[in-house]
Amino acid sequence: MKSRAAVLHGTDQEWRVEEIEVDPPKAGEVLVEWKAAGLCHSDEHMVTGDMVPPQEAWPLLGIDDLWPVVGGHEGAGVVSEVGPGVTSVAVGDHVSASFVPSCGRCRYCSTGRQNLCDAGAGAFLKGMITDGTSRHRMAGGGPELTLFAKLGTFSQYSVVSEDQVIKVDTDFPLEAVALVSCGVATGWGSATNRAAVSPGDTVVVVGIGGIGINAVQGAAMAGARHVIAVDPIEFKREKAMEFGATHTFSSMEEAFPSVMEMTEGMMADKVIMTPGVLYGDLMALGTQLAGKGGTIVVTGVAPMTQTESSVNLFELAMWNKEIKGTIFGSLNPRADIPRLLNLYRDGQLKLDELITNRYTLDEINDGYQAMRDGSNIRGVVVHG
Ligand SMILES: NC(=O)c1ccc[n+]([C@@H]2O[C@H](COP(=O)([O-])OP(=O)(O)OC[C@H]3O[C@@H](n4cnc5c(N)ncnc54)[C@H](O)[C@@H]3O)[C@@H](O)[C@H]2O)c1
Ligand SMILES: [Zn+2]
Ligand SMILES: [Zn+2]
């Protein structure tokens, strides 16, 4: 079948909305009609090249050609066809995307770490998780397509592995489900799970986009005493206060003396790093903002080839600090996407308020420009 999709043909280009060809699902696969797709910063890293493996490494990674790429990994939609052997969803079911697959059987899934599922390997390859062959190509006999995170929610339709869709109740607005599928889960889990924020903690969140605002929301829900949001943009700081921040600052430098004062010199228990791009030099203050025994969670994506960061290793050892990475807030999509949606249903988790602007697929570049300008907490593409 034909579908319209936002396609990227190389770095430093705009998304082009083009016609693509989608084959029917094979065994273990599902055709999804995506209804809503969030404009997460992670897709932007393909545009800037920060998340593009260097071409010299392609043969090692098994990549013949990365381009063209269909974007989008935050999304929700309706199952429109299932391949043989699919049991967890049926036609008509509403589903959340999951940019981390969960096969349920690998070493990581079977030990409660679905965010590390082995089926997530090969994310830059064109083939399906199921059998390595491709279901998507440019219309008119064009090249096969890579789907960002093997999802491609910037397409009206795409075929994905059953391992990457989570059935959700049909009464949830699909825009809200889309937000949970990446930004909300990642930010909230960075605070509640990976940082393990406890009642009374002092928490600093650096970078208030779709991820950081949910780290603020998670830290507040976990009972933090101080939730300190840092972002150079005033609108972001105002929004952070609405989502549970107790203090805001425009930079880590500005926050530093105040964090020292409000903690009587002890500094933060938890620092969560969620800037748009995690440049290595941000880690100097990022780690200094944490006190003795403090935890620094690295959620923001760094340029892939960056190997240097400015962490003071003497302080790291002597103050017994820890730095932890996280993918998907270290949550388990099959359990935690429905868990977060239930908190939303009960009025305990804000989702609707995260959406600053909605766009048609054709307006996707406007949406990403708004993200770069800092005028959106989250933009959402609503597929027509
Ligand atoms: N680890 C994961 O699983 C995961 C999942 C999704 C997204 N991410 C990453 O999280 C990061 C944030 O994504 P997003 O969608 O929220 O981005 P965003 O662009 O919506 O928000 C980023 C915010 O950081 C702010 N910022 C930039 N530099 C800053 C600095 N030095 N100090 C303070 N604030 C600063 C910006 O003003 C902006 O408000 C991205 O790198 C994204 O790729 C990681
Ligand atoms: Zn994302
Ligand atoms: Zn697995």
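Which residues in helix 3 meet helix 4?

## Helix 3 and helix 4

On the helix 3 side they are Gly-183, Val-184, Gly-187, Trp-188, Ser-190, Ala-191 and Thr-192. Their partners in helix 4 include Gly-212, Ile-213 and Met-221. Contact means C-beta atoms, placed from the backbone, within 7 Å. Helices are DSSP runs (H or I, at least four residues), numbered from the N terminus.

The axes of helix 3 and helix 4 (residues 212-221) come within 7 Å and cross at roughly 45°. Axes are lines fitted to C-alpha atoms over the stretch in contact, and angles run from 0 to 180 degrees between N-to-C directions.

## About the model

This is a predicted model, where local features need pLDDT of at least 70, side-chain atom pairs count only at pLDDT 80 or more, and totals for chains, interfaces and linings use all residues. Residues are numbered from 1 along each chain as its sequence is written, with chains lettered from A and ligands numbered from 1 in the order in which they are written.

## Two domains

The chain is assigned domain 1 (2-168 + 351-382) and domain 2 (187-326). These bounds come from an automatic or database assignment. Their C-alpha centres lie 29 Å apart. In domain 1, 15 residues are in contact with 14 residues of domain 2. Helix 1 gives the largest share of the domain 1 side, three residues.

## Around ligand 1

Of the 32 residues around ligand 1, His-41, Gly-207, Gly-209, Ile-211 and Pro-275 come nearest. Here a C-beta atom, placed from the backbone, must lie within 6 Å of the ligand. Domain 1 and domain 2 each give at least three residues to this shell.

Terms used:
Helices (H or I, at least four residues) and strands (E, at least two) are DSSP runs, numbered from the N terminus. Two residues are in contact if their C-beta atoms, placed from the backbone, lie within 7 Å.
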